Amino acid sequence: MTKKITFYINNEAYTVNIGADTDGTLQKELEKYIPTNKNIDTKALLTAYIQQTHKLVQYENELENIVDSLPII
């Protein structure tokens, strides 16, 4: 079963399918940065996107460092 979540951006409702989020983890993580109970503006949405992108880049760099430190067999 797929789950849908509605965001309110610039006074418009956007309902998106977030897939099979059976334990609600994805929804909770999304709602940390993009609230579903109030309207946000484009600037807030862009800020949330940049924060998450920055976090992803940090994780990718950490993973790359870990992989580089593994011995070659």
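A surface patch is made of residues with over 30% relative accessible area and no salt bridge, nonpolar side chains being joined within 5 Å. The exercises below apply to a predicted model.

**Exercise 1.** Identify the residues that form the nonpolar surface patch, and state the accessible area they have together.

*Solution.* The patch is formed by L63, I66, V67 and L70. Together these residues have about 390 Å² of accessible area.

**Exercise 2.** Describe the order of the secondary-structure elements and the pairing of strand β1.

*Solution.* Begin with the inventory: the chain has 2 helices and 3 strands. Along the sequence these elements follow the pattern β-β-α-β-α. Next, consider the partners of β1 (residues 3-9). With β2 (residues 12-19), β1 pairs in the antiparallel sense over 7 bridges. With β3 (residues 39-40), β1 pairs in the parallel sense over 2 bridges. Residue I9 illustrates both pairings: its bridge partner in β2 is E12, and in β3 it stands opposite I40. Finally, the hairpin of β1 and β2 has 2 residues between the strands, and N10 takes a positive phi near 50° there.

**Exercise 3.** Compare the radius of gyration of the chain with that of a compact globule of 73 residues.

*Solution.* A compact globule of 73 residues would have a radius of gyration near 11 Å. The value for the chain is 17 Å. As to burial, 15% of the 73 residues count as buried, where buried means under 20% relative accessible area. The chain exposes about 6100 Å², of which carbon and sulfur atoms supply 58%.

Conventions. Residues are numbered from 1 along each chain as its sequence is written. This is a predicted model: local features need pLDDT of at least 70, side-chain atom pairs count only at pLDDT 80 or more; totals for chains, interfaces and linings use all residues. Side-chain values use heavy atoms; hydrogens and water are left out. Patches are made of residues with over 30% relative accessible area and no salt bridge: like charges are joined within 9 Å, nonpolar side chains (Val, Leu, Ile, Met, Phe, Trp, Tyr) within 5 Å. Accessible areas come from the Shrake-Rupley method with a 1.4 Å probe; for residues, only the protein chains shown count as cover. A salt bridge is a side-chain nitrogen of Lys or Arg within 4 Å of a carboxyl oxygen of Asp or Glu. Helices (H or I, at least four residues) and strands (E, at least two) are DSSP runs, numbered from the N terminus. The radius of gyration is taken over C-alpha atoms; the globule rule is 2.2 Å times the number of residues to the power 0.38. Buried means under 20% relative accessible area, exposed over 50%, partly exposed in between (1.4 Å probe, protein chains only). Two strands pair if DSSP finds at least two bridges between them.
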